[in-house]
Amino acid sequence: MTNEDILSKVLETKGAEDCIMVLGFGVAYMGLTANTPIRVVYDYYKCLDNLIHEGGYDFDDAIDYLEDLINEDLGENAPIYIKQI
């Protein structure tokens with residue numbers, strides 16, 4: 001699914017117009033939360049893989065970048081990152 005496809009689906013969802021999305025993480029997109037505020041949900045490990053294979057990061061730098069991104073205070077509409085086990 002492309003970023004444009006995801007954006008279209010998010011904008012079609014009532015209450016999701018304030019969601020924060022991360023450019024380039026379309027491959028890691030899982031969906032939206034069912035509760036409010038509605039938030040975009042990404043697969044943590046797919047984000048990490050994308051940073052390594054598409055972003056050119058080495059493993060340690062990719063983890064550091066992703067952790068910094070996750071811990072940045074973006075407010076209540078910030079994305080959620082799920083670690084599937």
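Begin by selecting Asp-43 together with Ile-82: in strand 3, Ile-82 is the bridge partner of Asp-43. The model on display is a predicted one.

Next, show strand 2 (residues 40–43) beside strand 3 (residues 80–82). The two strands run parallel and are joined by three bridges. Now bring in strand 1, residues 29–32, on the other pairing of strand 2. Strand 1 and strand 2 run antiparallel, and three bridges join them as well. Within this pairing, select Gly-31, which stands opposite Val-41 of strand 2.

With the three strands displayed as one unit, the view is of an open sheet in the order 1-2-3, with mixed pairing. Strand 1 and strand 3 are at the edges; each has a single partner strand, so one side of each lacks a neighbour in the sheet. From one strand to the next, the twist averages 30°.

Which residues of strand 2 lie on each of its two faces? Colour Val-40 and Tyr-42 for one side, then Val-41 and Asp-43 for the other.

Proceed to helix 2, which spans residues 44–53. Helix 2 packs on the sheet, where it touches strand 2 and strand 3. The direction of helix 2 makes about 65° with that of strand 2.

Within helix 2, select Asn-50. Is Asn-50 buried or exposed? Its relative accessible area is 13%, below the 20% limit, and Asn-50 therefore counts as buried. Leaving aside residues up to four places away in sequence, Asn-50 touches Gly-24, Phe-25, Val-27 and Gly-55.

Finally, display helix 3, residues 59–71, alongside helix 2. Two packed helices are described by the angle between their axes and the distance between those axes. Here the angle is about 130° and the axes are 9 Å apart. Angles over 145 degrees would count as roughly antiparallel and 65 to 115 as roughly perpendicular, so helix 2 and helix 3 are oblique to each other. Their crossing is right-handed.

To inspect the contact itself, select Tyr-44, Cys-47, Leu-48, Leu-51 and Ile-52 on the helix 2 side. They meet Phe-59, Ala-62, Ile-63, Tyr-65, Leu-66, Glu-67 and Ile-70 of helix 3. Coloured by class, this contact shows eleven nonpolar residues, no polar residues and one charged residue.

Definitions and conventions: Residues are numbered from 1 along each chain as its sequence is written. This is a predicted model: local features need pLDDT of at least 70, side-chain atom pairs count only at pLDDT 80 or more; totals for chains, interfaces and linings use all residues. Side-chain values use heavy atoms; hydrogens and water are left out. Helices (H or I, at least four residues) and strands (E, at least two) are DSSP runs, numbered from the N terminus. Buried means under 20% relative accessible area, exposed over 50%, partly exposed in between (1.4 Å probe, protein chains only). Contact means heavy atoms within 4.5 Å. Two strands pair if DSSP finds at least two bridges between them. Axes are lines fitted to C-alpha atoms, for helices over the stretch in contact, and angles run from 0 to 180 degrees between N-to-C directions. Angles under 35 degrees count as roughly parallel, over 145 as roughly antiparallel, 65 to 115 as roughly perpendicular and the rest as oblique. A crossing is left-handed if the near helix is turned anticlockwise from the far one by less than a right angle, and right-handed if clockwise. Ala, Val, Leu, Ile, Met, Phe, Trp, Tyr, Cys and Pro count as nonpolar, Asp, Glu, Lys and Arg as charged, and the others, Gly among them, as polar.
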